[in-house]
Amino acid sequence: MSLDREQPGTVESIYRLEAGFALAADRSIYTPGRFQGEPITLPCNAYLIRRAGEWTLWDTGMPDELALEPEGRIIAHGLRGILPRTLRSQLQEIGVVPDDIGTVILSHGHFDHVGNAALFRHATWVLQSAEFDAMVGPDAARHGYRPELYEGLRDARLLLLDGDRDLFSDGSVSVIATPGHTPGHASLLVRTQGGRAIVLSGDVAHSSFNLEHRYVPTMNADAEASRRSMERIVDLVREEDAELWINHDPGHATAVPAGRAIFGW
Ligand SMILES: [Zn+2]
């Protein structure tokens, strides 16, 4: 199937980009009451989407500067971020420079998702207004945000949403409001050529195990909303017969090869 012949209502391709690893000394922050004192390493990802010949990024990963520190650094929530490969270098391998990215859709404002905001100041940023308000509000630190990572965002073109949005009005890319992990967390439903649907669920849950057991991490902004959002994602995956890609799930991350176009199932 040719990349040039796009079908209406679908994206042409999706690339998984590696966005480093988050190391937690105590896994039970994600599973209160379970796995206490056990360390865990979470893979982090961002996704590059090509639609109608244009590039859209879903999340931006950890800040590229972190790659200069082999041991990484503790950044927020006691999590150590380690970045073996920069986002910029992975884009380059695909033949994309940051200026080519027209739209950035943000799941939420944590450091492993918004870390490279500075590379994409020219883009249109799509996020929930509740998320943006929290990211720039007085409780930013309490929510685990690092505002210095996205200082330039106030001057960027912002498309602030209050709920779901069929972004290009053709069903190809839909933002799904899934608050709870943070005040305005969002997920993404993407339709690909060949009639497949993919749900990119951000941090609604940090693994399929955690989703299955409906664990609400200790850091989450709203426990009740977190549970509702988990139900919503489970329902959506069933209704759409979709593949679920959980951002930090080790199995999901490696099931999709990094840096290669995935299309035309
Ligand atoms: Zn998060």
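Predicted model: local features only at pLDDT ≥ 70, side-chain atom pairs only at ≥ 80, totals over all residues.
The model contains an open sheet of eight strands with mixed pairing, arranged in the order β4-β5-β1-β2-β3-β6-β7-β8. Its edges are formed by β4 (residues 73-76) and β8, each of which pairs on one side only. From one strand to the next, the twist averages 30°. Within this sheet, strand β6 (residues 101-105) pairs with β7 in the parallel sense, over three bridges. In this pairing, I105 is placed opposite V126 of β7.

Two helices were examined in relation to the sheet. Helix α1, comprising residues 87-94, lies across β1 (13-24) and β2 (40-51) and runs at about 160° to β1. Helix α3 also packs on the sheet, where it touches β7 and β8, and its direction makes about 95° with that of β7. Helix α3 spans residues 129-136, and its buried residues are A130, E131, F132, A134 and M135. These buried residues pack against β7 (124-128) and β8 (157-161). In general, residues three or four places apart in an α-helix point the same way, because the helix has 3.6 residues a turn.

Positive phi values in residues other than glycine occur at F35 and H77. For F35, which is found in the loop between β1 and β2, phi is near 60°. The residue F35 is classed as partly exposed because 16 other C-beta atoms lie within 10 Å, a count between the limits of 12 or fewer for exposed and 20 or more for buried residues. H77 is found in the loop between β4 and β5 (79-82), and its phi is near 55°. With 15 other C-beta atoms within 10 Å, H77 is therefore likewise partly exposed.

A further set of pairings involves strands β11, β12 and β13. Strands β11 (residues 186-192) and β12 (residues 196-200) run antiparallel and are joined by five bridges. In this pair, L189 stands opposite V199 of β12. The two strands, β11 and β12, form a hairpin with three residues between them, and G194 in the turn has a positive phi of about 95°. Strand β12 also pairs with β13 (residues 243-245), in this case in the parallel sense and over three bridges. Here L200 is positioned opposite W245 of β13.

Key:
Residues numbered from 1 in each chain as written. Helix = DSSP H or I, 4+ residues; strand = E, 2+ residues; numbered from the N terminus. Contact = placed C-beta atoms within 7 Å. Pairing = 2+ DSSP bridges. Axes fitted to C-alpha atoms, helices over the stretch in contact; angles between N-to-C directions.
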